Amino acid sequence: MAEPAAQAIGEKTGLTAGDREALRALDHSYARAWLKHGTAAQSEALLALFAPDAVIYPGGGGESLSGMDQMRAFWFPEGSSPTEVEYFEREPVAIEGSPALAAVAGRSRIAFTYAGKRSAQEGYYIIHARPDEAGHWKIVRMMWSNRPID
């Protein structure tokens, strides 16, 4: 037997075409942030995409990190060499949710040089996002896997 109430709720809370486009843009902005030159430019562009209370779950099974300070320290440790990104391709395969909370899932490929060592990886990712007070989608949770491809 169908559950009409659940279907009605799903219809009323589905993402609009505008929401889907904004979430797709958020996903692509994540990759573009890494393509910027220099640690300061990358950090500014990247962290602007996250809610202040965001949590990330790094690939490779690292401990979860929450908030801007922990994410900045993870991605941009003080005194570290800059990360030079050769390419970063992201292909969202699913965008779903409601106007209050949405998920973007997909595949990615990246090649970068850090501390003189080049790495190329591919994997899957999922982003949970919610709109901030101004209505801009911000990342609140992110998890990814990575597998070397070199």
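Author: Let's start with a term: two strands count as paired if DSSP finds at least two bridges between them. Keep in mind that this is a predicted model.

Reader: How many residues does the hairpin that joins S3 to S4 run through?

Author: S3 and S4 are antiparallel, with twelve bridges joining them. As for the hairpin that links S3 to S4, the number of residues is four.

Reader: Which element gives the most residues to the largest nonpolar core?

Author: That core has 31 residues, and Leu-23, Tyr-30, Phe-50 and Trp-75 have the most contacts inside it. Elements giving two or more residues include helix H3 (39-47), strand S1 (50-57) and helix H2 (17-35). With six residues, the top contributor is H2.

Reader: Which residues is Trp-75 in contact with, leaving aside neighbours within four places in sequence?

Author: Trp-75 is among the residues with the most contacts inside the core, and helix H4 (67-75) is one of the elements giving two or more residues there. Leaving out those sequence neighbours, its contacts are Tyr-30, Trp-34, Leu-46, Leu-47, Phe-50, Ile-56, Met-142 and Trp-144.

Reader: And the largest pocket: which element gives the most to its lining?

Author: The pocket holds about 540 Å³ of space. Its lining has 24 residues, with Trp-75, Ile-110, Phe-112, Gln-121 and Trp-144 nearest the centre. H2, H4, S3, S4, S5 and S6 each give two or more residues. The most, five residues, come from S4.

How values were computed:
Residues are numbered from 1 along each chain as its sequence is written. This is a predicted model: local features need pLDDT of at least 70, side-chain atom pairs count only at pLDDT 80 or more; totals for chains, interfaces and linings use all residues. Side-chain values use heavy atoms; hydrogens and water are left out. A nonpolar core is a set of buried Ala, Val, Leu, Ile, Met, Phe, Trp, Tyr and Cys residues joined through side-chain atoms within 4.5 Å. Buried means under 20% relative accessible area, exposed over 50%, partly exposed in between (1.4 Å probe, protein chains only). Contact means heavy atoms within 4.5 Å. On a 1 Å grid over the protein atoms alone, a cavity is a set of points where a 1.4 Å probe fits but cannot get out, and a pocket is an open set with protein on both sides within 12 Å along at least five of seven lines; lining residues have an atom within 4 Å of a point. Grid points are joined across faces, edges and corners, and a volume is the space filled by probe spheres set on the points.
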